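Reader: I'm new to looking at protein models. Could you walk me through how to read one?

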Amino acid sequence: MDLKYNIYYEVASAIFLIILFFFMRLQYDTQSSVNKEFQKLTLFALFADIMDVVTAVTISNALIVPVWANILLNSLYFISTELLGYHFVDYSTFYVYRSRKDNLLMRINKLLLGLFFVLVFINFFTGCIFSFSEEGLYVHGPLYLVIYILPYYYIMCSGMILICNFQRFRPWQRISIVFYLILEISGPLLQMLFFPDVLLAIFTIALGLLMMLFTMETPDYQNLVATIKELRETKKVAEEAKEEAERAKVMAQEADQAKTDFLANMSHEIRTPINAILGYNEIIMKETKESATAEYAMNVQAAGRTLLSIINDILDFTNIDRGELKLENTPYYVLSLLQDVIIYAEHNTQKKNLELRVSVDEQMPKQLSGDIVRLRQIVNNLLSNAIKYTMDGFVELRVTWKQKSDTIGIMEVSVSDSGIGMKKEDVQRISKSFLRFDPKKTRDIQGIGLGLTIVSRLLKLMDGELRINSEYGTGSTFSFRIEQTIIDEVPIGKLEYKKNKELILKQEEEEEFVAPKAHILAVDDNIMNLELFCGILKDTRISIDTAANGKEALALLMKNTYHIVFLDHMMPV
Ligand code: ADP
């Protein structure tokens, strides 16, 4: 069998197109319409490629192939190349617009295709495009160039559609499109102008299609690229949001710090004049002979003490908040602690006609080590709440002891009441500062919602935890357990708190303290405080010198000998 043409490139591209087609079918989502169009294009290319090879064989052997068959096969070949060209335009339109367009261009293209079919039909009878001579030679007709011009026109159209819509593609896709177009054009051109015997057209077209596959027709890859891009954008947005949140957090922290500082400064500033008020009021109470004035002064004292305790709470809270509050660890007498808190509770329960129940473990050691001031504050706070939120019934203080080792034991304190109780959801929120619950019932009860916050935080510093057991409308139990070091293990025995109370009252009635030989110096830049100092100690008959600044104080110290110097801190001069 003779071969006038080199068909190897076209055979290779036929194999290659078959692989490409099946690869597309098996690998890609065949439901995607753009993909379907691409597969169609591959099939048309394959069809044209096969026809190119077949006609190369039949033309080369024209003597043994009947003329009509050769004309028919070549007509089919030309039809296949025009169909391929037409589908290039179709595919490009579909790719760019994601749907088939029925515009003027497409109608012209269809018309041209139709005219070409007619021309091919006419060619059968006239040989206007091509024909075969008696000797089996391939003869070009006057309209022969049409078979090249029309596919080129289609490739140009498809190129124009892609180039006109360049902005829809990413930069690297644009490069691929240019190469694709160069390949589509170059094959037929090379064959026509330089290598008429080498069938190249479909080979370069197939290469172009492969290029298209990797740049456009890889939905998975495209999706990946799109997803990566989206992820990058999302990450950028998230980072911006994070930065914004961090800025907001810093601002909130600064605002919170400013609030805490303000509270601390304000409380400190208020404490000084309140102390003056309470001090002067004490002098009034002591010196007045009129019972009405004494009563007013007592009221001032009560209100002033409440105010002072609020201010102290705020100061404690801010100190704990800033981490500035440090616990002491010093020996204390358990009896002293109990006495203080019981007397406090006794006094206040009596005022409200509540029963005070006290039960203290007889095995409690006599002396422990810890922070008695803060411990007293915790128990007093719980007792004060129990009394505040109980209208009738009882308030109970229970203290139990569990020895852990020779030197360490666990003290458990619980304060119960038959008061208003708390709702479950409120109990969960109890550690939040400034919260007060059940406004209907607690509106008329004094408080700022800091007591339990301070208690919880102090207990945390002591490695303890506040436990709450409360039933709404029935009563509550607040309890905690803390470890204390034993200093003196002798048990305190049965506690008779009433007896101790009498003892205390008796002490108060004792003769007043005097020290006429004592000589002391008080230094404060606040003149009112100095006056107050002297006023309160007047009855002691102590000789008191005062100085308003450091320089004056030093001058006095050079001159005299003092038993005690009371010195304010951060003073001028
Ligand atoms: P305050 O008593 O100053 O309002 P606290 O922090 O001590 O602040 O208490 C917070 C809230 O918890 C109180 O306002 C009250 O609603 C509730 N509460 C505390 N103790 C009791 C109690 N023994 N019985 C019922 N409610 C209580």
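Predicted model: local features only at pLDDT ≥ 70, side-chain atom pairs only at ≥ 80, totals over all residues.

Reader: Where does H6 bend?

Author: At Ser186, by about 30°. A proline, Pro188, follows within four residues.

Reader: And which residues of H6 are buried?

Author: The general idea comes first: an α-helix has 3.6 residues a turn, so residues three or four places apart point the same way. Now look along H6, where the buried residues are Gln173, Ser176, Ile177, Tyr180, Leu181, Glu184, Gly187, Pro188 and Gln191.

Reader: Let's move on to charges. How many salt bridges does the structure hold?

Author: In general, side chains of opposite charge can pair when their charged atoms come close. This structure holds 13 salt bridges. One of them joins the side chains of Arg247 and Glu244, at 2.8 Å from N to O.

Reader: How far apart are Arg247 and Glu244 along helix H8?

Author: They are three residues apart in H8, which runs over residues 219–287, so about one helical turn separates them. As for the surface, Arg247 counts as partly exposed because its relative accessibility is 46%. Glu244 is partly exposed too, with a relative accessible area of 45%.

Reader: Which residue does Lys404 form a salt bridge with?

Author: With Glu483, and their closest N and O atoms are 2.6 Å apart. This pair links distant parts of the chain, 79 residues apart. Lys404 sits in the loop between strand S6 (394–403) and strand S7 (408–417), while Glu483 is in strand S9 (residues 475–491).

Reader: Is Lys404 buried or exposed?

Author: Lys404 is exposed, because its relative accessible area is 54% and the cut-off for exposed is over 50%.

Reader: What does the pair Glu412 and Arg481 link?

Author: Start with the contact: Glu412 forms a salt bridge with Arg481, the closest N and O atoms being 3.0 Å apart. The pair links distant parts of the chain, with Glu412 in strand S7 and Arg481 in strand S9, 69 residues apart. At 25% relative accessibility, Glu412 counts as partly exposed; Arg481, at 38%, counts as partly exposed as well. Elsewhere, salt bridges that share partners join Asp261, Arg322 and Glu324 into one network.

Reader: Which atom of the ligand is 2.8 Å from an N or O atom in the side chain of Asn385?

Author: An oxygen atom. A nitrogen atom of the ligand lies 3.0 Å from an N or O atom in the side chain of Asp417. For the side chain of Ser476, there is a ligand nitrogen 3.5 Å from an N or O atom.

Reader: What percentage of the ligand's exposed area does the protein bury?

Author: Taken alone, the ligand exposes 530 Å², and the protein buries 97% of that.

Methods:
Residues numbered from 1 in each chain as written. Heavy atoms only, no water. Bend = angle between axes of the 7 residues up to and from the residue. Helix = DSSP H or I, 4+ residues; strand = E, 2+ residues; numbered from the N terminus. Buried < 20%, exposed > 50% of the residue type's maximum accessible area, 1.4 Å probe, protein only. Salt bridge = Lys/Arg side-chain N within 4 Å of Asp/Glu carboxyl O. Polar contact = N/O pair within 3.5 Å; in protein donor to acceptor, adjacent residues only side chain to side chain. Areas by Shrake-Rupley, 256 points an atom, 1.4 Å probe, with all protein chains shown as cover.
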